[in-house]
Amino acid sequence: KKIPFRDGWGVLFAYTHGTGDDGNCYSIGSSGRYGDGTVNWNQNGIYDVRSLLDFENDIIFSNGIFTYGPRVKGDN
C-alpha cells in the first residue's frame with residue numbers, strides 16, 4: 001500500500017519523528033480543511049463535534065493513537 005501525502009482536503013500532512021527520550025516517537029498531523037500544512041503540535045485532547053465544521057479542525061496522530069481530534073462513537 002502507498003502512504004498518502006495529502007489529507008482528505010488535499011493539504012500535505014505534517015510529520016515529525018525522532019522525538020522523545022528514546023528518539024522513536026513520531027506524529028502525523030492534518031492542519032484541517034483550510035490549513036496550510038502547519039500543525040500546532042501543542043494541541044491535545046479530544047474535542048466534541050457540534051457541527052460538521054468541527055471536522056475541519058486539526059487532527060494529530062502520535063505513536064499509534066489520536067492525541068488531538070474529534071470525539072467519535074466509543075470515545076469516553
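Is F66 buried or exposed? F66 counts as exposed, because its relative accessibility is 52% and the cut-off for that class is over 50%. This briefing concerns a predicted model.

**Aromatic pairs**

- A pair of aromatic rings is described by the distance of the centres and the angle of the planes.
- The count for this structure comes to two aromatic pairs.
- One of them joins Y47 and Y68, whose ring centres lie 5.0 Å apart, with 55 degrees between the planes. This pair is classed as tilted.
- Y47 belongs to strand β3 and Y68 to strand β5; the two residues are 21 residues apart, and the pair thus links distant parts of the chain.
- Both Y47 and Y68 are buried.
- F61 and F66 form an aromatic pair with a centre-to-centre distance of 5.0 Å and an angle of 65 degrees between the planes. The arrangement of F61 and F66 is edge-to-face, because an angle over 60 degrees places a pair in that class.

**Salt bridges**

- The whole structure contains two salt bridges.
- In one of them, the side chains of D48 and R71 meet with an N to O distance of 2.7 Å.
- Salt bridges with shared partners join D48, R50 and R71 into one network.
- D48 is partly exposed at 36% relative accessibility, and R71 is partly exposed at 31%.

**The largest pocket**

- Rolling a probe the size of a water molecule over the atoms shows where empty space is left.
- The largest pocket has a volume of about 160 Å³.
- Its lining consists of I3, P4, F5, F13, A14, Y15 and I28.
- Which classes of residue make up this lining? The lining has seven nonpolar residues, with no polar and no charged residues.

Definitions and conventions:
Residues are numbered from 1 along each chain as its sequence is written. This is a predicted model: local features need pLDDT of at least 70, side-chain atom pairs count only at pLDDT 80 or more; totals for chains, interfaces and linings use all residues. Side-chain values use heavy atoms; hydrogens and water are left out. On a 1 Å grid over the protein atoms alone, a cavity is a set of points where a 1.4 Å probe fits but cannot get out, and a pocket is an open set with protein on both sides within 12 Å along at least five of seven lines; lining residues have an atom within 4 Å of a point. Grid points are joined across faces, edges and corners, and a volume is the space filled by probe spheres set on the points. Ala, Val, Leu, Ile, Met, Phe, Trp, Tyr, Cys and Pro count as nonpolar, Asp, Glu, Lys and Arg as charged, and the others, Gly among them, as polar. A salt bridge is a side-chain nitrogen of Lys or Arg within 4 Å of a carboxyl oxygen of Asp or Glu. Buried means under 20% relative accessible area, exposed over 50%, partly exposed in between (1.4 Å probe, protein chains only). Rings of Phe, Tyr and Trp (its six-membered ring) pair if their centres lie within 6.5 Å; planes under 30 degrees apart count as stacked, over 60 as edge-to-face and the rest as tilted. Helices (H or I, at least four residues) and strands (E, at least two) are DSSP runs, numbered from the N terminus.
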